[in-house]
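Here's a quick briefing to read alongside the model. Have the sequence and coordinates open as you go.

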Amino acid sequence: MNKSVFLGTLAATALVAGLAQAQTTLETVKNRGELVCGSNTGQAGFGAPDANGVWQGFDVGFCRALAAAVLSDPNAVTFVPLTSQTRFSALASGEIDVLSRNTTWTFTRDVDLNFTFVGTNYYDGQGFMVNRELGVSSALELDGATVCIETGTTTELNLADYFRVNGMSYEPVPVDTAAEAQQQYLAGACDVYTTDISALASSRAAFAEPGDHVILPEVVSKEPLGPVVRHGDDNWADIVQWTLFALIAAEELGITSANLEELKAGSNNPEINRILGNDGGFGEMLGLDNEWAARAIAAVGNYGELFSTTIGDQTPIGLARGLNAQWTQGGLLYAPPFR
Amino acid sequence: MLLYDQRYRSITIQIFALFLLMLGAAWLIDNVISNLRLLGRTFSFNFLSQTSGYDINQRPIEYDSTMTHGRAALVGFLNTIILAIMGCALATVLGVLAGVLRLSNNWIISRLVTFYVEIFRNIPTLIWILIFGAVMAESMPAPSAFRGDDATSSMIFDAIAITNRGVYVPAVLFVTDLGYLTLGPVAPSLNWLLVIAVIVASLFANKALITHATRVQNATGIRPKTWWKSILILLVPVGAVFIALGAYLEYPELRGFNFAGGVHLRNSFLAMWLGLGIYTGAFIAEIVRGGILAISKGQTEAAFALGLQPGKTMRLVILPQAMRVIIPPLISQYLNLTKNTSLGLAVGYMDLRSTLGGITINQPGRELEGMLLLMAIYLAISLTISGLMNVYNSRVKLKER
Amino acid sequence: MSDTHANTVAYVRNEMLPPSDAPRSQTGAVKWMLENLFSGWANTAMTLISLLVIWWALSSVGPWLLNSVWTAGSLAECRAILDGATGACFSVITNRWHQLLFGFYPPHLYWRPVLTLVLLFVALAPVLFPALPRKLLVLSALYPFVGYHLLWGGSVWFPISVALGFVAGFVAYKLLLKVNNLLAIFGAILGPVLWWMFVAGQIDSALSSALPLGLEFVRSDRFGGFLISLIIGISGISLSLPIGILLALGRQSDMVFLKPVCVLVIEFIRGVPLITLLFNDSLLLNYFLPPGPAFDLILRVIIMVTLFASAYMAEVIRGGLAALPKGQYEAADALGLDYWKAQRLIIMPQALKISIPGIVNTFIGLFKDTTLVVFIGLLDPIGLSNAIRADTNWNGIYWELFIFIGALFFIFCFGMSRYSMYLERKLKTDHR
């Protein structure tokens, strides 16, 4: 319980409205000395507290990088676990500074809900997982199936559309959390478990017999997942956006947490120099200092490192880079130039 | 000064307090307006007429993902009502049974019932709902266990299939279809309306029969035998309607992934129904027991002294008095159960909270309007129930003169 | 006569028979069983059915419980130890019970919540046992501040400066009482408000910088498990009591303007499910407050739960007020007491006493309802059980967690309900 906030609320409640002065998000974060980041309530690999209550994962890593960039301390982050239902109001109300919780970039969310999607940190798509015993090899054979689905997500709408377009019927079993969905699916209460393929893989990795379950080849939707901020504070949106791009560009340019110190001393690649703050004064343009990107990379590594330590091949989640490889490797990751 | 005048002091203070309250309310509304402006949103219920885009598994009325959010909310509302009515019925039956049995002389059964009452009363209903959900999903056989020659499970009487996706029971269908009655958004089947109308008429006829019997008893002292007439009145007309419409049973059978045909009672519904019904039943048991115990022993003794048999003593002397004690707390239990149906999301039951207050709020992102509407509907349901029950209560209440 | 018999009639006994034992069916266990279990065919049938149910329950649960594994590190390990036999895997509890009790509260500070709970009983003692000296009530009044400081930590001056607000109110009341009764009440309300708005902040920051005393600060998001249920339940019920009393008095009164307001508030809150109110906390509250960051979620939940409980409390107390004979009110009037004095000295002590069982029942209900906070993302025991089940090690476990959580709730609620029954019995004698 933050006492100044508590007293402030008492005072505000007792007095009149309009006491709050318009403060930019950056100022708020700096004054608070802490970044408040909306995260998943618990999805292995992407964002979940470990046994000691420390948040770990891919989306969590991005918040740590952002905190390192803005506040020079990757641990100056409070994670607010949000369900798919509470995430948007938490962001709209200012309870959190940035939402980094596998949230799909859609038109209505961007335009009607007045949020700004700063980019995509994971290109995903909705898929289906079934038990191998069923002998199903294509999603088009799923007519009449019982489908477990997390409610309040875009997957629900995609599912309805997909089955409607293909003239198939299905029985939705809505569940509240990923844990509940896995439980129902494993118990056989539904034939099919549908969600983003990354999450399917992460669930399957946690099963006792991962080999018994197949993820069907059909990808029924585009799910670009990325960090979200409120509409209207462009400077803050820029900071979040370019922190993401810095991580992506760092991988492309070969900046890793291992060779960071060496490259910071100076490199003959001018773009590396600009990212790491040796040249161009880019950090100051953002309202930060010039070391910002270097700190972000030092905190979690570049995009590739973050990917491989949280959800990559070596982890139990075991996701391949696929669409999330650099554009030079046939993927979709493409950071605009630092220039 | 008004403050020092005894006659006006109370009014003055009240007006002052009311003024403060209104100021507070104005402040809140002003905040809402400025917040909405800040977020660039308008306050409107237009989203109710937008396409919902999501499917609902339990649909008492016709619905699919191309219909509107308003329609989805209506489906959720009907699901809430169905659950509340079924839950109250189960809770009442269980509660009365357990309340009476707990007073039984049979040591073992009164202990068993005490165990039931205590264990359900003292553990949160949400845990019970989750437990019933888990039992249904984990312990029952999958539909595939019914398949093939070496099936490990079989249907009860070839009619009821208990699977981990819910219970399938036979459905009553009609050969002759009278069509549908279009009543705004809902279109109930005329067949069923006819059946219900006949049942209601039979009930009234039966009541008239009993009133007549009582009148005869009052006049002559001999009560005519009515039980076989009652049975005839209650069963024959309904049976006739069913035969005339060509009613038959549709049995569930395994088709594709799942059972098809019959009525599908989904896990989510069963978990909610059993969880809420059995939980509330434990409370009702205590109310019933308290009600019976509250009637002083003198009443029983007086009834025996009048020569009434134990059964009649219970029916004519104890219960009418006990009802007066029982009904007010019973009303609040019904209300609690109805409000607890909003826990449906925990097991994925698509009630009002899960449709209007869940997916609909989340898809167009209209949480302010959605939540206000949701609360208004729950308030209306609660007030209706307590209003109806209060009317009943005032009818059985002791008339004090 | 007896002499004649003794001598003349050979077949007439002349000494008493030794008393023989009562027939088997009329004594001991057999009699008891005949009377209580097999007194008629219906009873016999019920007994047999009950025995069948008990046997079925024991035979299905017994082996599972007896075969429990307590030491494995994951569900897979558990299954390996069991090797195909049925058995519970309570290792999940031994592994995670700290988390289920305290959430993510820093382990080296576990003594603080425990001490808070112990102190709670100390603080409750003067309230529950009238035999103790009245002066001890000061301890109860201080408890909320001590409890807050122990749980959250931070600077010791913050709770002190807030507490001083109440002192300010009291002083204002005492001073103005000499002038005018009504003015004193205004003073008692305005004093603390002004204090908190203008003075408390300064005093707090001044004292904390001059003399930084305090415990290690623990953030709200570290709270979880039963700790959160207890905090919400206990603060909700204790804060709702005064509000509930005011609402009940308002509803009972004949104030033209305020009575409808009280009725409206009570009926509205009782008419909607708690979960929609909680959702307002996380979804709507920000619309109703000035733009800016919302305050702590736990605090918001406590406020909402307090409001919710107040409405129920008001109805319980209204019942207590209605149960008081009218003579009590008239007697108070006859003594010339004004409204507040009559309430304080005559009506409330009796009405509250009658309402105690109802209050305890409201508390039990509220405590059970704290499980609903899982829907807004607080990690109460059920929320934590979801998180544990999402963990790779424990994917697929549920019975053991439900049994543990259910058992803890049961112990707490059952204890409370027994206590309320004891109170009911104790208070009954006073009125009959």
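Leu35(A) has Val77(A) as its bridge partner in strand 4 of chain A. Keep in mind that this is a predicted model, where local features need pLDDT of at least 70, side-chain atom pairs count only at pLDDT 80 or more, and totals for chains, interfaces and linings use all residues. Residues are numbered from 1 along each chain as its sequence is written, while chains are lettered from A and ligands numbered from 1 in the order in which they are written.

**Strands 1 and 4 of chain A**
- Strand 1 (residues 35-40) and strand 4 of chain A pair in the parallel sense over six bridges (pairing takes at least two DSSP bridges; strands are DSSP E runs of at least two residues, helices H or I runs of at least four, both numbered from the N terminus).
- Strand 4 (residues 77-82) of chain A is largely enclosed by the rest of the structure, because five of its six residues are buried (20 or more other C-beta atoms within 10 Å of the residue's own, all placed from the backbone).

**Domains of chain A**
- Chain A is assigned domain 1 (23-123 + 225-329) and domain 2 (126-221), with bounds from an automatic or database domain assignment.
- The C-alpha centres of domain 1 and domain 2 of chain A are 29 Å apart.
- Their contact takes 14 residues from domain 1 and 13 residues from domain 2 of chain A (contact means C-beta atoms, placed from the backbone, within 7 Å).

**Chains A and B**
- 31 residues of chain A are in contact with 30 residues of chain B.
- Helix 1 (6-39), helix 4 (125-139) and helix 10 (352-362) of chain B each give two or more residues to the side that touches chain A.

Note on methods:
Two residues are in contact if their C-beta atoms, placed from the backbone, lie within 7 Å. A residue is buried if 20 or more other C-beta atoms lie within 10 Å of its own, exposed if 12 or fewer, and partly exposed in between; C-beta atoms are placed from the backbone.
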